[in-house]
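Please report on the structure shown here. Take a pocket, a sheet and a core in turn.

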Amino acid sequence: MRSALRNYYIKNINLIRLSSLWINLNTRGQRRDARILLFGKFFYSISRTAKINIAKGSLAINRYITKKDPFIGNLEMYENAEINVQNTFFIHSGCDIMVFKGAKLNLGSGYINRYCKIRCYNEITIGNGVAISENFTIWDSDAHQMINGSEPTQPIVIGNKVWIGTNVTVLKGVKIGDGCVIAAGSLVTKDIPANCLAGGVPAKVIKENVKWK
């Protein structure tokens with residue numbers, strides 16, 4: 001039994017290493033000594049014109065939280081799409097990421113926990129030192145347009161040192177200021193000023209001048 005488990009883990013570790021090597025060798029972008037690291041059961045489809053740029057550190061995608069983590073990850077990057085990473089950024093298991101034609105997903109440093117869903121049609125920017133919990137959803141587009149309605153796609157900016165609780169959704173055109181805390185279960189449809197605690201559906205400022213660690 002122990003031998004079978006050992007062989008299972010060795011086989012899977014070798015597959016992970018092979019996938020990570022493949023994506024680094026075959027994906028365009030400026031990375032120098034930085035690396036793209038893939039974990040677990042992970043599928044990706046990356047256009048030949050797409051780029052993953054990492055200034056330093058690494059981009060870890062579908063990263064394990066436990067050794068027996070079974071959750072499948074997915075990354076799709078279309079023509080001329082970009083992922084730009086400033087420093088080490090972890091996206092944990094069960095992630096589902098789509099960066100559409102000509103769009104940019106900008107990541108500072110920090111992590112997004114399990115089961116995130118990212119849909120980047122234009123530009124999404126997430127700052128440095130962020131802590132984002134499970135079941136996080138972020139869309140910078142409605143994907144369809146209402147007749148005589150607002151622009152269906154608008155960029156999103158999440159500032160530095162932002163803490164986002166579980167089951168939070170952030171929609172198009174939103175700016176979340178530095179140091180903010182977004183309560184669990186919130187739907188963020190409007191800007192949140194820096195250093196505020198916000199929550200609710202839709203999210204509203206609950207408290208100002210907050211600090212977290």
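What is the volume of the second largest pocket? In this predicted model, the second largest pocket has a volume of about 190 Å³. Its lining has 17 residues, and Asn53, Ala55, Asn84, Val85 and Gln86 are the closest to its centre. By class, the lining of this pocket divides into five nonpolar, ten polar and two charged residues.

Seven strands form an open sheet with parallel pairing, in the order E2-E5-E8-E11-E14-E17-E20. The edges are strand E2 (42–46) and strand E20 (187–188). Each edge strand has a single partner, so one side of each is left without a neighbour in the sheet.

Inside this sheet, strand E11 (residues 117–120) runs parallel to E14 and is joined to E14 by three bridges. Lys117 stands opposite Thr137 in E14. Strand E14 covers residues 137–139. Is Thr137 buried or exposed? Thr137 counts as buried because its relative accessibility is 18%, and the cut-off for buried is under 20%. Leaving aside residues up to four places away in sequence, Thr137 touches Lys117, Val168, Thr169 and Val170.

Last, the core. The largest nonpolar core has 48 residues. Leu59 and Ile83 have the most contacts inside it. Beyond four places in sequence, the residues that Leu59 touches include Ile83, Val85, Phe89 and Arg35. Val85 is also among the residues closest to the centre of the second largest pocket.

Technical notes. Residues numbered from 1 in each chain as written. Predicted model: local features only at pLDDT ≥ 70, side-chain atom pairs only at ≥ 80, totals over all residues. Heavy atoms only, no water. Helix = DSSP H or I, 4+ residues; strand = E, 2+ residues; numbered from the N terminus. Buried < 20%, exposed > 50% of the residue type's maximum accessible area, 1.4 Å probe, protein only. Contact = heavy atoms within 4.5 Å. Core = buried A, V, L, I, M, F, W, Y, C linked by side-chain atoms within 4.5 Å. 1 Å grid on protein atoms, 1.4 Å probe; cavity = no way out; pocket = protein on both sides within 12 Å on 5 of 7 lines; lining within 4 Å. Points joined across faces, edges and corners; volume = space filled by probe spheres on them. Nonpolar A, V, L, I, M, F, W, Y, C, P; charged D, E, K, R; others polar. Pairing = 2+ DSSP bridges.
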